[in-house]
Amino acid sequence: MQRSPQRHRLTLALGLALALGGCSTNNSQLASTGEEAAVAAAEAADAAASVDSTAANGMLQPRRERDAALAAAATAPALPPPPAESRQKSVALESVQVTGSRIVGNAPAAPAAMLVMRAPPQPANTEKYAHNEDNPVHRTSEQPVSTFSIDVDTGSYSNVRRMLADGVRPPGDAVRAEEFINYFDYGHPAPTSRETPFRVTTKLAPAPWNGKRQLLMIGIKGYDVPKAELPPANLVFLIDTSGSMQDPDKLPLVKDALRQLVKQLRPQDRVSMVVYAGSAGLVLPPTSGAQRDDILDALDRLEAGGSTNGGDGIRLAYAMAKQAYIQGGVNRVILATDGDFNVGTVDQNALETLVADQRKSGIALTTLGFGQGNYNDELAEKLADVGDGNHAYIDTPMEARKVLVQEMGSTLLTIAKDVKIQIEFNPAVAAEYRLIGYENRVLNREDFANDKVDAGDIGAGHEVTALYEITPVGSGAERLPALRYGSGAASVAPTDTKELAHLSLRYKRPGEGTSRLIETPILRSQLVSTPDESLRFAAAVAAFADALRGGKQIGQWNWNDIAAAAKHSVGEDRWGQRREFVGLIEQARALTSPEGVAVRVSE
């Protein structure tokens, strides 16, 4: 018997759907069940019927064929179901269908409204971020001393900026509040002489998200060194040329960034170039900055390909830095990578130990992060920390200029090492306190005076800013519940209430093994009713970071409040960075609000 064209197409569609139901993916794990095959067959039947089934009245009549297909598929042998977790994930990610009322009689069949969330397959996002919980609120009477290492990294801010610009909601662990705050310049006063390499200042004002609390700003400003007076530099460019670096925002951007730095070099500076993929190799031996064309040519010849043996690359880079070591100069390895080490030494702890051992030779390590999708932020930041260097993330040529041209002195020349801050709060004045950010920089109390404990470094002209939120005694804004067996209040003489806290700072000069101490009181009389522009802007940045992490610390403040605070404290903005920040607030608001979730409706 000859089949009708419609029945023939239906049979083909059913066979194709059943065949697809038996296909396997991911090492032959079954991807669908007999039930799912039936649904696929029904959809295929609809498609066939929509092309060929025209009745005399011109209306589509696919339901009979659909029912037949479902009945046939229901008798097919059932395939073993995949794990429940896999099935739930598949259903959740592929589609959500909303069907209309049942079509009756000859009424026109309206197309079903479908909320489609299906997207083309994308490479798995394997970006890696260290997890940090927000610093807790401390009761001063129980724990009056706070100790932490300073941080000059800014990579978290520019990396999150990249995500927001791409319309991606940043994961909370990608947000480090201190790196957001320290991305900006607040105009802290510079030291008057080089005898003390930096100056410490403090400001105190009501916290904008809760007027019953106070915000303490600590500012550190290092002395600046004009570029012409920088000591000779011995730089090793350690460049990841593995296959994962071939994207435009990786190796091509690395080349553009380092070209900008090369153009700043002087004849007394030296540059070596080491690359690594499956193995490490020397591309350029120590070369004078006067031979700029040779350095640029070596950069231009770089291509990406192969696996990533970062451990061998680090070893070779330090060997070249030692070979060209300049006594009294700047000796630094600059690592440009996405952090995706996958052969050789890949264990992060082993890599950290390798770098920590090498820093004893007087050679610092700066890490520059690039790219997306597989970026290992945790590794890039930690290697810079243990390597006595700094970490930045380069997302645009403009950011490369900021890090390697505008801030070249602070990026390359270290003026103080192992800088630690310790604050003892007065329990008669401060009931509670909380350090904003620096979660991975918190030190034990005894570490402050231990010169063997590593801490952060400050470069020439660098600024460092830290914020504390303080709850005054008697303010009624305490967040910790009262103790059952005592108030916990210390017995303090009335004459001691003029000081809010006492700040101590330790640092080492480069080449010295013994730290020096700076101390200064923080007086209650410093409190002003209205914060100045720099403190208002720093508060807005801190609130922005907290909102991206869930907004647990900023009370009733919302995106409108953060945006208003930022807009009203832009001030002098030579490079447009503060205005850009205001724009980021709007992008973050759209991505974090329920209304900001875009869903396409197919017709």
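**Helix packing in a predicted model**

Me: At what angle do H5 and H16 pack, and how far apart are their axes?
Reply: This is a predicted model, where local features need pLDDT of at least 70, side-chain atom pairs count only at pLDDT 80 or more, and totals for chains, interfaces and linings use all residues. Residues are numbered from 1 along each chain as its sequence is written, and side-chain values use heavy atoms, with hydrogens and water left out. Helices (H or I, at least four residues) and strands (E, at least two) are DSSP runs numbered from the N terminus. Axes are lines fitted to C-alpha atoms over the stretch in contact, and angles run from 0 to 180 degrees between N-to-C directions; for H5 and H16 the values are about 55° and 10 Å.

Me: Which term describes how H5 lies to H16?
Reply: Under 35 degrees counts as roughly parallel, over 145 as roughly antiparallel, 65 to 115 as roughly perpendicular, and the rest as oblique. H5 and H16 pack at about 55°. That makes H5 oblique to H16.

Me: Which residues of H16 make the contact with H5?
Reply: Contact means heavy atoms within 4.5 Å. H5 brings Tyr157, Arg161, Leu164 and Ala165. H16 brings Glu580, Phe581, Leu584, Gln587, Ala588 and Leu591.

Me: Are H10 and H11 roughly parallel or roughly antiparallel?
Reply: Helix H10 (residues 348–359) and helix H11 (residues 377–386) have axes 8 Å apart. Their packing angle is about 25°. H10 and H11 are therefore roughly parallel.

Me: How many of the 12 residues of H7 are buried?
Reply: Buried means under 20% relative accessible area, exposed over 50%, and partly exposed in between (1.4 Å probe, protein chains only). Among the buried residues of H7 are Leu251, Lys255 and Gln260. Their cover includes strand E9 (233–240) and helix H12 (397–406). H7 is mostly covered, and its buried count is nine.

Me: Which helices are among the cover of the buried residues of H12?
Reply: The buried residues of H12 include Glu399, Lys402 and Leu404. Strands E13 (364–369) and E14 (391–393) are part of their cover. The helices include H5, H7, H13 and H16.

Me: What share of the protein's residues is buried?
Reply: The protein has 16 helices and 21 strands. It holds 603 residues. The buried share is 48%.
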